[in-house]
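Hi everyone, thanks for coming. Let me put the model up, and then we can walk through a few places in it together.

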Amino acid sequence: MAITDIKKRWLDVWISFCLALLIVINLEGISAQIRYSIQEELKLGTAVGNVAKDLGLDLGRLTDRNLRVVSGTKQDLFKVNRDGILLVNQRVDREELCAKTVPCITNLKAVVENPLEMHQVIVEILDVNDNSPKFLEENYTLEVLESAIVGSRFQTEGAHDLDVGLNSLQSYRLTHNQYFRLETEEFGEDGKVPYLILQRPLDREHTAQHWLQLTAADGGKPPKAGTINVSVIVSDINDNSPVCDKQKYTITIKENAPAGTFLLTVNASDSDEGVNGEIEYSLRSKLRGLSGEPFDLDSRTGKLTVKGGLDYEEKQVYEIKVLAADKGAVSLSTHCNVVVRVEDVNDNQPEIEITSLSSRIPEDAPPGTVVALMGVADLDSGVNGQVVCSVPGHLPFDLKPSPDGHSYSLVTKEYLDKEKINVYNIMITAKDLGSPALSSTKVIQVDVLDVNDNSPLFIGSPYTFYVPENNKAGMSIFSVSAVDADGGENAAVTYSLNRKSPGHTVTSFLNINEANGTISALKSFDFETLKTFQFQVVASDSGTPSLSSNVTVNVFILDQNDNAPVILYPVSSNGSAEGVEEIPRNVNAGHLVTKVRAYDADIGYNGWLLFSLQQVTDHSLFGLDRYTGQIRTLRSFTETDEAEHKLLILVKDNGNVSLSATATVVVKLVEPKEAFAASDVKSSAKDEEGTDVTFYLMITLGSVSVLFLISIIVLIAMQCSKTTDYTSKYLQETNYDGTLCHSIQYRSGEKRYMLVGPRMSIGSTIVPGSHANTLVLPDRRRGSGERQQYQT
C-alpha cells in the first residue's frame with residue numbers, strides 16, 4: 001500500500017505538471033469551473049460537494065475515467081470518493097492557509113481521463129470564530145514617572161486575533177480604576193491599538209504600583225476574549241525625606257561595656273526608591289561636624305555600638321543626633337534622636353582623705369579621745385557609692401561615722417599603754433557596698449606618748465648576797481638593778497639607801513652608786529663579829545611626780561680562814577702551850593694519857609681542826625686521834641723504855657690556806673705509888689685549870705648563842721616582811737670532843753644552807769671545787785638519792 005500511494009502521488013504530481021503545461025500552451029483544455037464554500041475546521045470526510053454531478057460526468061464511468069482532484073500543494077486537504085463527492089481529507093484551518101487573506105480560496109484541479117479533461121474546482125474556506133484574541137504575554141509592565149501630568153498617554157501591548165471579519169478583534173476594555181482610562185486607535189495592520197490615559201496625579205509613595213487588566217474581545221457569536229495583566233509601576237523621584245521609625249531611641253548601657261558592644265539600630269525609611277530611597281547614617285554633634293561621642297555608627301545599617309571610654313562618673317546621659325540622608329541628586333535628610341543612659345557599675349574604689357590628725361596621743365588619754373578626722377568618697381552612685389569604714393577589732397581604736405556617712409572620726413576606745421605598744425599603725429579600710437565590693441586602705445601611725453605611770457621594778461626581790469669577810473674597804477661588793485617600763489626621763493632610775501628603815505645603822509658603812517646601783521662597803525667585814533645584816537634600797541625615777549619602789553637586801557658574810565687554831569689545853573703558867581703528864585708505868589695499851597683541846601674562831605672547813613704528831617721519842621708508845629686530840633698508849637711500857645717522852649702536837653684547820661698551832665706534851669713514866677701521889681697534886685691543879693677552861697668555854701658559848709639569837713630574829717623579820725621563806729637557827733653541837741664545834745642552818749626558798757664548825761655531821765660530803773665552803777646535806781623531805789647544795 002505504501003508503494004502504491006507513493007506511485008499515485010508522483011503520478012498526480014506529474015499530471016498536475018502536465019495540466020499546467022497544457023494550460024499554459026492551450027487553455028482550451030479547461031472545460032468547466034466549480035466553486036464551493038465550506039467552513040474551516042470541518043470533520044474529516046465531510047462532503048464538500050458532488051463534483052461528478054456538478055461537472056456533468058457520467059457517474060457510471062467514473063471508475064474508468066479515474067476522477068481525482070489535484071491541489072498542487074503538499075497537503076491533500078480534499079479528495080474525491082468513488083461517487084464523485086468531494087470530501088474533507090485533512091484538517092482545514094483557514095488561519096493556517098490564508099492568515100488574514102479574505103476570501104480564503106483553495107484552487108483544486110479535477111482531472112478525468114478517457115478523454116483527458118481538467119476542470120477547476122474553487123473551494124472558499126469560510127472563517128469560524130475559533131480563535132480568541134491573544135496577547136503576546138500574560139503580563140505587561142508599564143513604568144510611569146510619578147511626576148507624569150494628567151492626560152499623559154501610554155501605549156500598551158495590543159492583542160492579536162487570527163480570525164477575520166467579525167470574528168477578529170473588535171474592542172478593548174480596562175478594569176475600573178481611579179488613575180487610568182482606555183482609548184484605542186486604528187493602526188494599519190495592527191488594528192486597534194490600546195492607550196492608557198492618566199486621569200489623576202500619581203504618588204509612588206502612596207501607591208507604587210497599579211495592577212490593571214486589559215481585555216481584548218472579538219465579534220464572534222459567542223464572542224471570545226483574551227486578557228493581559230498590566231502592571232503600572234510608578235517610577236520614583238526624590239520627593240520624600242527619610243523618616244525615623246521612632247521619635248526617640250532610648251537605651252541603657254553599663255559604663256564598663258567593652259568596645260564594640262551593640263546598642264541599637266537606628267532605622268529610617270524613605271518612601272522613595274532606588275538611590276532616592278537609599279539611606280546613609282552619620283553622627284552629628286551639637287556644635288558642628290562629626291560627633292566626638294564615644295560611639296560608632298554603621299553608615300549603611302545604622303547599628304550604633306560602643307567605641308569606648310564610657311564613664312558614669314563623667315557623664316550619665318548622651319543625647320546623640322543621627323543624620324539619616326538619602327542618596328538622591330538633591331539629598332534629603334532627617335535627624336533621629338538617640339538617648340544613651342550610662343548605668344553605673346562599681347568601678348571606683350573608695351577614697352580616704354585625712355583632714356586632721358593627732359599623731360601623738362598620751363597613754364593616759366581617756367577613751368573617746370579623737371585621734372583623726374577623715375572624709376570618705378566614692379565616685380560611684382547608689383549602693384556602689386555607699387562606703388563603710390572599719391579598723392581592726394584588736395586595736396584600741398574605733399571609728400565614729402558622721403550622720404551623713406561621708407566622714408569619720410578615729411577615737412580611742414580604751415586607755416593606751418605605751419609600755420605594751422608604743423606605736424600603732426592603724427589600717428583604716430574603706431569598703432563600698434557594691435557587688436563585688438571594692439575597698440581601699442590607709443595607714444595612720446599614732447605614737448603613744450609616755451606618762452610616768454610605772455614605778456621602777458627591781459629585778460630581784462628580795463636580794464640575797466654572800467660577801468666574803470675581809471673585803472677591801474671602799475670596793476664594790478654587789479649591785480642591785482631596777483627597770484622602769486616608762487620611757488625617757490620617766491625611765492631614768494636613781495638609787496639610794498633607805499636610812500630610815502629598821503636596822504639602818506648598817507647603812508652607815510655602805511655606799512650606793514645613784515646611777516647604776518653598785519653598792520660598796522666602807523669597811524671590811526669580819527664574820528666573827530657580823531655574820532648577816534639587812535637593809536633597803538630605794539629606786540626612784542625622774543618623772544613628775546617621781547615614782548619609787550624599794551627592795552630588801554639580805555647580806556650574809558662568808559667566813560674566811562683568817563683565824564689560827566688556839567690551844568686551850570695544855571697551857572702552861574706563862575701562856576705557852578706546854579704541859580707535863582705523869583702516868584704509871586704499868587698502864588696497859590689504850591690508856592688515855594691526855595687530850596689536847598683547841599678552838600678556831602672560824603667555821604666550816606676553816607674551823608675544822610685536825611691533830612697530828614709532829615715529833616715523838618718513840619712512835620710505838622703513843623698514838624694521837626686526829627679528830628679528838630686524845631693521846632693514848634699503844635702498848636705497855638717495859639723496863640727498857642725511857643722515863644720521859646716529849647710529844648710535839650700540830651693542830652691545823654682545813655682552810656684553803658691552812659693555819660696551825662702546836663702544843664708540847666711531856667709524858668713522864670712514874671712508879672705506881674708516885675703516880676698516885678702525883679695524881680692527887682695534879683688533880684687539884686687540874687681543878688683550877690678546869691675552872692679556867694670552863695670559864696672560857698662559857699664565854700665562847702655565850703657569844704655563839706647571842707649571835708644565834710640575832711640571826712634568828714633577823715631571819716624571822718625577813719620571813720614576816722617578804723613572801724620568801726626564811727628560817728634561821730643556830731644549832732650548837734653538844735658533843736664536845738676537844739674542839740669547839742658549831743654550825744648555823746638556814747633556809748631560803750627551796751635551798752637549805754648550813755655553816756659548819758670544825759666537826760661535820762655524819763653523812764655530809766665536801767663538794768669538789770667549793771673551797772670547803774659548801775656542803776651538800778641530805779634533805780629528809782626528799783628521797784635518799786637526792787641532795788641539796790648549800791653555799792656558804
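**A surface patch, a covered strand and some caution**

Let's start on the surface, where Val 383, Val 388 and Leu 433 make up a nonpolar patch with about 250 Å² of accessible area together. Patches here are built from residues with over 30% relative accessible area and no salt bridge, with like charges joined within 9 Å and nonpolar side chains (Val, Leu, Ile, Met, Phe, Trp, Tyr) within 5 Å. A salt bridge is a side-chain nitrogen of Lys or Arg within 4 Å of a carboxyl oxygen of Asp or Glu, and the areas are Shrake-Rupley values with a 1.4 Å probe, counting only the protein chains shown as cover for residues.

Before going on, two notes on the model. It is a predicted one, so local features need pLDDT of at least 70 and side-chain atom pairs count only at pLDDT 80 or more, while totals for chains, interfaces and linings use all residues. Residues are numbered from 1 along each chain as its sequence is written, and side-chain values use heavy atoms, leaving out hydrogens and water.

Helices (H or I, at least four residues) and strands (E, at least two) are DSSP runs numbered from the N terminus.

Now for something mostly covered: strand E22 (residues 317–326) has seven of its 10 residues buried. Which strands pair with E22? Pairing takes at least two DSSP bridges. Leu 283 is partnered with Val 322, and Glu 319 with Val 339. E22 and E23 form a hairpin, with six residues between them.

Finally, confidence. pLDDT, the predictor's confidence in each residue from 0 to 100, averages 80 over the chain, and 82% of the residues score at least 70. Over residues 723–792, though, pLDDT is below 50.

Terms used:
Buried means under 20% relative accessible area, exposed over 50%, partly exposed in between (1.4 Å probe, protein chains only). Contact means heavy atoms within 4.5 Å.
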